[in-house]
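Okay, thanks everyone, I'll keep this short. Let me put the structure up, and then we'll walk through the salt bridges and the sheet.

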Amino acid sequence: MNELTLSCGRLWLENDNGPLACQVTDVTDEIDSDLKSYNKDYGLAKSCLLVPELPDQFKWERLALASDFPVSAANLVTSLGDRNYLGGIWRVDDLLVAAAVYRQELSDYAALDPSCLPYYQAVDNGVKDQLLFQVSVKAAKDTAPSDLSLDFSFDELRRYYKWLKFKEQQQYDQVKALAEQQAEAAKQAAEE
């Protein structure tokens, strides 16, 4: 899938050359379960991770979230961020749409445009496994001023990154174990 479709429009990723393929993963159920542990009234209509499909080698000035619905300073509710994410919340029709990028280890790369739409600047293949976007949506009428469910939803970026690192370590461990087995088998064969 190359884009996220919401009732208010579409979102996708773009690099210097235009639209970029991405994997869209719906994480609404996992996040809703976590949000209920903070406050039983918290919840989302939808939350998705957008993970860019990147070539082995690349260097771009900009990797950004783009939309075909109005995301501007005029409908900006607030910017958001902490050490793990950076983004904004906009009111679009009867929805609150929030978007963020993972930034824990990418503070030099994560940025916001004038309307607070998140993007990465000056990225290359050295950070390719850390480039993550997330979009969360909820009905505006269901959102009290003290509701932090959209903010809290971006904890998923950190969890997903940790999961990616875990999978990477598992693959490394498997390759290392296989290489050790092959070396041992070769050593035994040479001794015979």
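So, when I say salt bridge here, I mean a side-chain nitrogen of Lys or Arg within 4 Å of a carboxyl oxygen of Asp or Glu. Keep in mind that what you're looking at is a predicted model. By that definition, the structure holds 6 salt bridges.

Let me start with Arg 10. Its side chain meets that of Glu 3 in a salt bridge, at 2.6 Å from N to O. Arg 10 also forms a salt bridge with Asp 68, and there the closest N and O atoms are 3.0 Å apart. What does that second pair link? Distant parts of the chain: Arg 10 sits in strand β2, residues 9-15, while Asp 68 is in the loop between β6 (59-67) and β7, 58 residues apart.

How accessible are these residues? Glu 3 is partly exposed, at 26% relative accessible area. Arg 10 counts as partly exposed too, at 30%, and for Asp 68, again partly exposed, the value is 42%.

Now another salt bridge, Lys 138 with Asp 147. The closest N and O atoms in that one are 2.8 Å apart. Buried or exposed, these two? Lys 138 is buried, and so is Asp 147. Buried, for us, is under 20% relative accessible area.

Okay, on to the sheet. It's an open one, with 6 strands, and reading across you get β4-β5-β12-β9-β8-β7. The pairing is antiparallel. Which strands are at the edges? Those would be β4, residues 22-26, and β7, residues 76-81, and each of them pairs on one side only. From one strand to the next, the twist averages 20 degrees.

There's also a helix on this sheet. Helix α1, residues 28-38, packs on it and touches β4, β5 (46-52) and β12 (133-139). The direction of α1 makes about 125 degrees with that of β5.

Strand β8 covers residues 85-92 and strand β9 covers 95-102, and they pair in the antiparallel sense over 8 bridges. If you want a spot to look at, find Leu 86, which stands opposite Val 101 in β9.

That's what I wanted to show, so over to you.

Key:
Residues numbered from 1 in each chain as written. Predicted model: local features only at pLDDT ≥ 70, side-chain atom pairs only at ≥ 80, totals over all residues. Heavy atoms only, no water. Pairing = 2+ DSSP bridges. Helix = DSSP H or I, 4+ residues; strand = E, 2+ residues; numbered from the N terminus. Axes fitted to C-alpha atoms, helices over the stretch in contact; angles between N-to-C directions. Contact = heavy atoms within 4.5 Å. Buried < 20%, exposed > 50% of the residue type's maximum accessible area, 1.4 Å probe, protein only.
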